[in-house]
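This briefing is meant for someone opening the structure for the first time. Please look through the sequence and the model before reading the points below.

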Amino acid sequence: MLASESSTLSRLARAMSALLIVLPQPAASFAGPSAKSLSDISPAAVGADLQSRGIDLSNGRGPQSLRDAMIAYSFVAGNGANLSANNGEILSTILKLNAAFGQTALESHVSVQTGTTGARIHYQLIGRDDTRQMNELTNRAEDDISIGLYYVWAERNGHPTSPKDAVFRIIQARTTLQLEEHKP
Amino acid sequence: MNARLAEEVNSGGARLGHLSSSLLSQLPGLSFFLGVAPPAFPAITLLLFGGTLTIFFLKFTKRPSAVDCARKASRCIAGAIALAAIYGFLFHYTTVEPPAIRNESARIQVGFGLSTFSLQGKALKIAEQHHLATKQELMLAFGAYGDDANTSLIWKPWSVLLAGSLLIVLFCATYWLWVSGLGWLACASRPSNKVKAK
């Protein structure tokens, strides 16, 4: 009797294993490609999907590890036509790209504008001491930064021209800030 | 001969049906556990698939009486429900999710909410200075959703470790009791046990 049940159970176990594969999977890591893009994994589609999530890899932006993985993937996959090829090189670049997605933080693409052009934009998380500045001057100042609560201010000739204690909530995938400057 | 064969087929069919329904009854519980796995050890969900069958098999193949099985089942399920309630509270208290606007659901393990014993001194000062009332706002204030940041700037590392460990232990205990309870319940209603009862 026990042997009969064990045998039935082992058959059922195999069936259950197959069934469990279709169960809802655990929540995906923050920045992997969304479900709608899973049907198209060409480099262009993956890049577009990342951009819609606020991760812009163009012009040297975005996390270095993800940029490197994306370049390697684009090189091997071409325009997507090579994806059907079953070789180790493609598999290896896909695995590296996948690992880089997991390390990607939640970021926001921030653009800052001022009434007159030419101001240097500085920003600092309200809980931390390190200050950073954007590479370009206004009104072309933009950067990819981690979401958070920031002090953002403008400087001209090394002097602040907007309040340094103004707190901005930067959470959305794309954020545009307008700073009101006073005379230095 | 034919009558005996028909009886065996019927009996086998009944056992198969019983096992199928018992195992399928695990599915809602499994999908629940998949959704609330401890963020400090998400790989634990992979263990659930094998774990379910192993625990179920262990309980189901034991031979106590139907009454004993039912008693054990009710104890296990009651224990699982009590632990699940504690786990649910602790899960929300010691983890934080990204802002809803980002449409991301992956939670992050942190310390014990906004309790002063768990927070770092600087985090307490910033929370007071800027009137930050939630764990999420503290995470944002320190950029802890970013690449180069970690929660130890906000919560004392030992409290994050303790909270994560507690969640893992509670998760495993709840899961064990739940699957065992259903296993014992299946054991109690096994066709062979019904024959004994008659």
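What follows describes a predicted model, chain by chain, and then turns to a pair of strands.

**Chain A**
- The secondary structure of chain A consists of four helices and eight strands, and along the sequence these elements follow the order α-α-α-α-β-β-β-β-β-β-β-β.
- Of the 184 residues in chain A, 45% are buried, while the chain exposes about 9,900 Å², with 54% of that area supplied by carbon and sulfur atoms.
- Among the contacts in chain A between residues at least 6 apart in sequence, 57% join residues that are at least 24 apart.

**Chain B**
- Chain B has eight helices and two strands, and its elements, read from the N terminus, run α-α-α-α-β-β-α-α-α-α.
- Buried residues account for 46% of the 198 residues in chain B, and of its accessible surface of about 9,700 Å², 67% belongs to carbon and sulfur atoms.
- For contacts in chain B with a separation of 6 or more, 73% come from residues 24 or more positions apart.

**Strands β1 and β8 of chain A**
- Strand β1 of chain A, residues 107-114, pairs with β8(A) in the parallel sense over six bridges, and A:His109 has A:Arg174 in β8(A) as its bridge partner.
- Strand β8 of chain A, residues 174-179, has A:Thr175, A:Leu177 and A:Leu179 on its covered face, whereas A:Arg174, A:Thr176 and A:Gln178 lie on the uncovered one.
- In a regular strand, side chains alternate between the two faces of the sheet.

How values were computed: Residues are numbered from 1 along each chain as its sequence is written. Chains are lettered from A and ligands numbered from 1 in the order in which they are written. This is a predicted model: local features need pLDDT of at least 70, side-chain atom pairs count only at pLDDT 80 or more; totals for chains, interfaces and linings use all residues. Side-chain values use heavy atoms; hydrogens and water are left out. Buried means under 20% relative accessible area, exposed over 50%, partly exposed in between (1.4 Å probe, protein chains only). Two strands pair if DSSP finds at least two bridges between them. Contact means heavy atoms within 4.5 Å. Accessible areas come from the Shrake-Rupley method with a 1.4 Å probe; for residues, only the protein chains shown count as cover.
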